[in-house]
2 protein chains.
Amino acid sequence: MSNVTSPAGYTAEDIVTRLTNAVHEHRVLPGMKLSEDEVGEVFGVSRTLVRQALRSMAHGGLVSIERNRGAFVAKPSVKDAREVFEARALLEPQTARAAAERITARDVASLEAHIKREHSALDAGEAGKALKLSGHFHVEIARIANQRTIEVFIRQLVSRSSLVIALYWRRRTALCESHAHHALVDAFARHDGRAAEELMKGHLLDLVSQLDLRDVPEKAVSLRDALTG
Amino acid sequence: MSNVTSPAGYTAEDIVTRLTNAVHEHRVLPGMKLSEDEVGEVFGVSRTLVRQALRSMAHGGLVSIERNRGAFVAKPSVKDAREVFEARALLEPQTARAAAERITARDVASLEAHIKREHSALDAGEAGKALKLSGHFHVEIARIANQRTIEVFIRQLVSRSSLVIALYWRRRTALCESHAHHALVDAFARHDGRAAEELMKGHLLDLVSQLDLRDVPEKAVSLRDALTG
DNA sequence: TGGGCAGTGATTGTATACGATTTTGAGGGG
DNA sequence: CCCCTCAAAATCGTATACAATCACTGCCCA
């Protein structure tokens, strides 16, 4: 069962994980082509598994597949970006409240450790990794709320948020959200559901306010995009 | 299955559509095995496309894939069922409100025609088709609200609701929801967002209240399920 | 000189083949 | 009579091969 398979090969899900991490850490950027042959060569597997992985990620909205043209890292439009955060605004505040009511001491410690890792990454200058962890914090809350269905949705939305941030973030400097996350954990520790709900609502509004979602033409990553987009 | 497959062939998405319809209309039931060879033979395509289709449906939660064992129509647990309706309760009321504020006369007419089709199906004794249409009504609202992201989520949730209904519905008699849908359309026509939101909230509670979600052991569709589930 | 057009290379779409895992059923032993 | 073991059959997992489509280059012609 423990598929350590270092020698032999990756499974499709491994590829999804690796690619997803790369996107979350902004090592591969929206619009980038994900050639089946190329990805397959990187991981040492045939195109069969790569195709599975890419289609899987397409369902999560992280890549977009164009028939006979291939897979690309998704490039959410301004409208997509707004929708993502509108959906998060519907799901996450109440989920945070539920989490506050159910959270255990162990979970609180886990979240604190999570924030610590965010800080470490930031201090180490690994902004991408910090961003990834920061997103996963939100997924953890859904897990703690014991809502698997919503957790999957939030995971998707956080994923796409990473793309949105890559495209529309205003400043290149740090995303000093750790303060907001700290405040949330405090509310959780007090089992203060209402506070958690309000904090999450404000946190999401904060995030959106730091985006530049004016209806300007999108940054083209290639000439093709400029002409066909 | 009357599958006189047109000459050329189906695409993977066609297969998804056909299978999904079959599930929504309760012609294939939770737990049923979906053998790759069998499905492929029915549609006249190779296993390649069938696998694509099944994996696609798995992402939507409509089928579950067990490694080396195959694909089965998903069989949501009681907890899954609760989660589905809790997620719907977070998403749909506000979406209904947004729809009420944006809806056009053409959309109103479309929804009314939709309800009419529901009635026709019921009158014709096609309960499955009526159920499918009834679910799609909720998806249409998200479309009218101009929220694609949420629309996809609601589509998934409605899908799974169909499975939940197949497993946990109390009475075998008609799902007389058309009244609730009528009231919603009325609110939409008046652009009364608050009323629409409240009606939707109540409608969802109504639906849940008609389910039997006590923590009884699930009906086993096979011996294996009884022993491994 | 600029645009249309055909040929060529590259990439994806689909089917088939082979290997791995699971399931099933029969036979022998307790 | 039940259970255990083992082999055969069925089913899924992955790789490879071939077909279809697209992108690009170079040529020809207006």
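Predicted model: local features only at pLDDT ≥ 70, side-chain atom pairs only at ≥ 80, totals over all residues.
User: How many helices and strands make up the secondary structure of chain A?

Analyst: Counted by type, the secondary structure of chain A comes to 10 helices and three strands.

User: What percentage of the residues in chain A is buried?

Analyst: A residue is taken as buried if 20 or more other C-beta atoms lie within 10 Å of its own. Among the contacts in chain A with a separation of 6 or more, 74% join residues 24 or more positions apart. Of the 229 residues in chain A, the buried share is 38%.

User: Which helix gives the most residues to the side of chain A that touches chain B?

Analyst: The contact takes 16 residues from chain A and 16 residues from chain B. On the side of chain A, helix H3 (47-59), helix H4 (78-102) and helix H7 (148-168) each supply at least two residues. By class, this side of chain A has six nonpolar, six polar and four charged residues. With seven residues, the helix that gives the most is H4(A).

User: What relation holds between chain A and chain B?

Analyst: Chain A is superposed on chain B by a rotation of 180° with 0.0 Å of shift along its axis, at an RMSD of 0.0 Å. The surface used is the same in both copies, since 100% of the contact residues of chain A recur in chain B. A rotation of 180° with 0.0 Å of shift is the relation of a two-fold axis.

User: Which residue of chain A has the C-alpha nearest the axis?

Analyst: The axis in question is that of the rotation of 180° which superposes chain A on chain B. In chain A, the C-alpha nearest to this axis lies 3.1 Å from it and belongs to Leu90(A).

User: Which element supplies the largest share of the surface near DNA strand C?

Analyst: Of the 17 residues around DNA strand C, those that come nearest are Glu36(A), Gly70(A), Ser46(B), Thr48(B) and Asn68(B). The residues of this surface divide into three nonpolar, eight polar and six charged. Helix H2 (36-43) of chain A and helix H3 (47-59) of chain B each supply at least two residues. The largest share, three residues, comes from H3(B).

User: Which element supplies the largest share of the surface near DNA strand D?

Analyst: DNA strand D is surrounded by 17 residues, of which the closest are Ser46(A), Thr48(A), Asn68(A), Glu36(B) and Gly70(B). Two or more residues are given to this surface by H3 of chain A and also by helix H2 (36-43) of chain B. By class, the surface near DNA strand D has three nonpolar, eight polar and six charged residues. The largest share, three residues, comes from H3(A).

User: How many residues does the largest nonpolar core have?

Analyst: In soluble globular proteins, nonpolar side chains tend to be buried together. Leaving aside residues up to four places away in sequence, Phe188(A) touches Ala99(A), Ala100(A), Ile103(A), Val108(A), Leu111(A) and Ala196(A). Those with the most contacts inside the largest nonpolar core are Ala99, Phe188 and Ala196 of chain A together with Ala99, Phe188 and Ala196 of chain B, and the number of residues in this core is 113.

User: Is His191(A) buried, partly exposed or exposed?

Analyst: His191(A) lies in the loop between helix H8 (178-189) and helix H9 (193-209) of chain A, and its phi is near 55°, a positive value in a residue other than glycine. Most residues other than glycine have a negative phi. Because His191(A) has 14 other C-beta atoms within 10 Å, it counts as partly exposed.

Definitions and conventions
Residues numbered from 1 in each chain as written. Chains lettered and ligands numbered in written order. Contact = placed C-beta atoms within 7 Å. Helix = DSSP H or I, 4+ residues; strand = E, 2+ residues; numbered from the N terminus. Nonpolar A, V, L, I, M, F, W, Y, C, P; charged D, E, K, R; others polar. Near = placed C-beta within 6 Å. Core = buried A, V, L, I, M, F, W, Y, C linked by C-beta atoms within 7 Å. Buried ≥ 20, exposed ≤ 12 C-beta atoms within 10 Å, placed from the backbone. Least-squares fit on C-alpha atoms with pLDDT ≥ 70 in both.
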